[in-house]
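Student: Could you take me on a close look at the nonpolar core of this protein, and show me how the rest of the chain is arranged around it? I would like one connected account.

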Amino acid sequence: MTTKGYLDYQTGSPVDPRVVEAMLPYMTEQFGNAAVLHSAGDPAREALEAARGQVASSIGADAAEIVFTSGATEANNMAVKGVAMKLRKKGKHIVSTVIEHRSVITPLKYLVREGFEVTSVPVDADGFVDPKAVEAAIRDDTILVSVMMANGEVGTIEPVGQIGDVAKAKGVLFHTDVVAAQTWVPIDVSTLPFDLVTLSSNDVYGPKGVGALYIRKGARLEALIHGGGQERGLRSGSENIAGAVGFGKAAEIARAEMDADVARIKPLRDRLTDGILGTITDTTLNGPRDRRLPNNANIRIAYVEGESLLLALDMEGVQVSSGSACSAKTLEPSYVQLAMGIKHEEAHGSLQFTFGRWSTDEDVDLVLGVLPGIAERLRKMSALKPGMEYDKEKFGHHH
Ligand code: PMP
């Protein structure tokens, strides 16, 4: 595998070779379905339950509190819509934020169409949610609070411990999407006030298409996918054994190697940030310096468009993102950055660098070697100039 110049781990990570090795038998000789009665199902069942234990241990949970899903998107849907369906007689109000991943925001929009009410708490200029604002938004009919642990785009590590405490004090379930934080921040649900936690396999260097929802004992939600009753009836369908095995192994390794990974990656990220801010004029770090994911640098470069930067970098062998991964196709500026009060045209010039287990000094050298020249060249051609007002005709449309 080659990762030279790849600094977009947030949108997709390589699978650790140790994980691939653990998965292989379940794509070859161990083909049984975990649901069957005969002996071909035994290895599948055992592997699935071992993997459940590994994922559970990585966040201090019991195996019985883990439901495997097809990824974080499904886990977020399960949490948000599953609670809404279960508790709709109790109340129809949900509190969330303006910076959640689309797999939380879009289900919430769906629920609004179905008669629920959602309060989206804003963020400050650094991208932080204020626990007091969450507290103020909770009403008698609030059934769920959903706030992500970290925003993978602008790097904020949100005060979810305090937010969970606020929800708990009011007797409201608290859901948190920890996908962007999993690899970098220790998570222990035995001490943290989390009722529902969304986890993803690829973000810990496991395969894509697998995830899990942690559901604290006693928290109840409605199933969204009905069928054969797998995963305690919460998620029917033949289990993805190889995927679960890979996720389990990846989660175990990520937890064991977290400190070492952070210690190695953070200085790389800092060198990239300081290098760009120090050599290219009119550049700004998006998001905070402190309480920031150690693998994330999000930098806006004034007077150029992020997409042009991204494509020029790609030609030099560097892969990064320009906004939130999922809106990359629309070329709209990131809703997260707009919510932080960053101007439309400024948000357009943002680059998101995310590091991971295979990032090296070489990757940083490569970016610092080519980006100043690219920025200078694009600025010469750019219609955006210092002091110019944003022109929607030029920059507001879909390209
Ligand atoms: N939540 C967050 C915070 C994410 O970054 C992502 C995408 N990596 C998801 C949810 C959705 O993950 P998936 O596309 O694997 O379902």
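Tutor: Happy to! Let us begin with a term: contact means heavy atoms within 4.5 Å. In this predicted model, 73% of the contacts between residues at least 6 apart in sequence join residues at least 24 apart.

The largest nonpolar core has 91 residues. Val145, Leu199, Phe247, Ile301, Phe353 and Leu371 are the residues with the most contacts inside this core. Helix α7, residues 241–256, gives the most to it, with 9 residues. Where does this core lie relative to the domains? Domain 1 (17–254) and domain 2 (258–381) both give residues to the core, so it lies between them.

The two domains deserve a word of their own. Taken over C-alpha atoms, their centres are separated by 28 Å. The contact takes 33 residues from domain 1 and 31 residues from domain 2.

Now let us zoom in on Val145, one of the core residues with the most contacts. Leaving out residues up to four places away in sequence, Val145 touches Val95, Val134, Ile138, Ile163, Ala167, Val172, Leu173, Phe174 and His175. There is also a second, separate core of 22 residues, and Ala84, Ile94, Leu144 and Ile215 are among its members.

Ala84 takes us to helix α3, where it is one of the buried residues. This helix is mostly covered, with 12 of its 16 residues buried. Among those buried are Glu74, Asn76 and Asn77, along with Met78, Val80, Val83 and Leu87. The length of α3 (residues 72–87) can be checked too: at 1.5 Å a residue, its 16 residues should span 22 Å, and the end C-alpha atoms are 22 Å apart, so the two agree.

Apart from neighbours within four places in sequence, Ala51 is in contact with Phe68, Ala244, Val245 and Gly248. From Ala51 to Ala167 there are 116 residues in sequence and 31 Å in space, C-alpha to C-alpha.

For the chain as a whole, there are 13 helices and 10 strands. Buried residues make up 55% of the 399 residues. A compact globule with 399 residues would have a radius of gyration near 21 Å, and the chain has 22 Å, which agrees. Along the principal axes, the C-alpha atoms fill a box of roughly 70 × 50 × 35 Å. The chain exposes about 16,800 Å², and carbon and sulfur atoms supply 54% of that area.

Arg232 is in the loop between β7 (211–215) and α7, and its phi is positive, about 55°, although it is not a glycine. With 56% relative accessibility, Arg232 counts as exposed because the cut-off for that class is over 50%. Asp282 sits in the loop between α8 (258–279) and β8 (283–285). Asp282 is likewise not a glycine and has a positive phi of about 55°. At 44% relative accessibility, Asp282 counts as partly exposed.

How values were computed:
Residues are numbered from 1 along each chain as its sequence is written. This is a predicted model: local features need pLDDT of at least 70, side-chain atom pairs count only at pLDDT 80 or more; totals for chains, interfaces and linings use all residues. Side-chain values use heavy atoms; hydrogens and water are left out. A nonpolar core is a set of buried Ala, Val, Leu, Ile, Met, Phe, Trp, Tyr and Cys residues joined through side-chain atoms within 4.5 Å. Buried means under 20% relative accessible area, exposed over 50%, partly exposed in between (1.4 Å probe, protein chains only). Helices (H or I, at least four residues) and strands (E, at least two) are DSSP runs, numbered from the N terminus. Domain bounds come from an automatic or database domain assignment. The radius of gyration is taken over C-alpha atoms; the globule rule is 2.2 Å times the number of residues to the power 0.38. Accessible areas come from the Shrake-Rupley method with a 1.4 Å probe; for residues, only the protein chains shown count as cover. The expected span of a helix is 1.5 Å times one less than its number of residues.
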